[in-house]
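Please open the structure in your viewer and keep the sequence beside it. We will go from one selection to the next, and at each stop you will read what to look for.

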Amino acid sequence: MNPELTRKLSRISLMIFDVDGVLTDGKMHYGLDGELFKSFNVLDGHGIKLLKKAGVMTAIISARHSPIVNRRAADLEISHVIQGAGEKRAAFETLLEKTGLAASQCGFIGDDIIDLPVLIRAGVSFSVPNGHPEVLSRVDHITRHSGGNGAVREVCDMIMRAKGCYTSVVENFLK
């Protein structure tokens, strides 16, 4: 891994996730009564849980509002959930105020231009390979895996490696 990226990753105290296209594959399934379901990846979910055990807080900032996201966030014990955030930079500033962290201590993964205000402000920025070209040209790292298919786990593992706790996290499962 690039030494500058490793340095940035080691400073992360809060990792923030977009939902549609990052925690999910970006597909929306509707029925006559509205949104029916979203699909989340269990590897991503476990990565978020491990990241929390490694001492990194987690958050969601999503432009859409979905009760399904609240349910998933509760299952994963995600510390902060901001939905309906049409202005993601304002939501990011709110998170900084709530946590007392500097932008340089935060990571963010997004995939579309609505995410750019946070991506360019966060200490380290990520996108998925099928993200919008404007996003891909501005982030610190593009994951190998696509949204909803392991991209979040990849980021979580990178952060734990940079912080030097990945091996100890894995070894806890070998006892």
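This is a predicted model: local features need pLDDT of at least 70, side-chain atom pairs count only at pLDDT 80 or more; totals for chains, interfaces and linings use all residues.

Residues are numbered from 1 along each chain as its sequence is written, and side-chain values use heavy atoms, with hydrogens and water left out.

**Two packed helices**

Select residues 42-53, which form helix α3, together with residues 151-162, which form helix α8. Helices here are DSSP runs of H or I with at least four residues, strands are runs of E with at least two, and both are numbered from the N terminus. Two packed helices are described by the angle between their axes and the distance between the axes. For α3 and α8 the angle is about 25° and the axes are 7 Å apart, where axes are lines fitted to C-alpha atoms, for helices over the stretch in contact, and angles run from 0 to 180 degrees between N-to-C directions. That makes α3 roughly parallel to α8, a term for angles under 35 degrees. The crossing of α3 and α8 is left-handed, meaning that the near helix is turned anticlockwise from the far one by less than a right angle.

Next, select V169 in helix α9, residues 166-171. Is V169 buried or exposed? V169 is buried, with a relative accessible area of 10%; buried means under 20%, exposed over 50% and partly exposed in between, with a 1.4 Å probe and protein chains only.

Move to D20 in helix α2, residues 19-23, which is buried with a relative accessible area of 13%. From D20 to L174 there are 154 residues in sequence and 34 Å in space, C-alpha to C-alpha.

Then select I68 in helix α4, residues 67-75, which counts as partly exposed at 22% relative accessibility.

**Two loops**

Select E77, in the loop between α4 and β5 (80-82). Most residues other than glycine have a negative phi, and most peptide bonds are trans. E77 is not a glycine, yet its phi is positive, at about 55°.

Now select D115, in the loop between β6 (106-109) and α6 (116-119). D115 is buried, with a relative accessible area of 0%, and its C-alpha atom is 8.2 Å from that of R89, 26 residues apart along the chain.

**Cysteines and rings**

Select C106, C156 and C165. The structure holds zero disulfides, a disulfide being a pair of cysteine sulfur atoms within 2.5 Å. C106 is buried at 0% relative accessibility, and C165 is buried at 14%.

Finally, select R161 and Y166, where the charged end of R161 sits over the ring of Y166, 3.9 Å from its centre; this requires NZ of Lys or CZ of Arg within 6 Å of the ring centre and within 35 degrees of the ring normal.

Note on methods. Angles under 35 degrees count as roughly parallel, over 145 as roughly antiparallel, 65 to 115 as roughly perpendicular and the rest as oblique.
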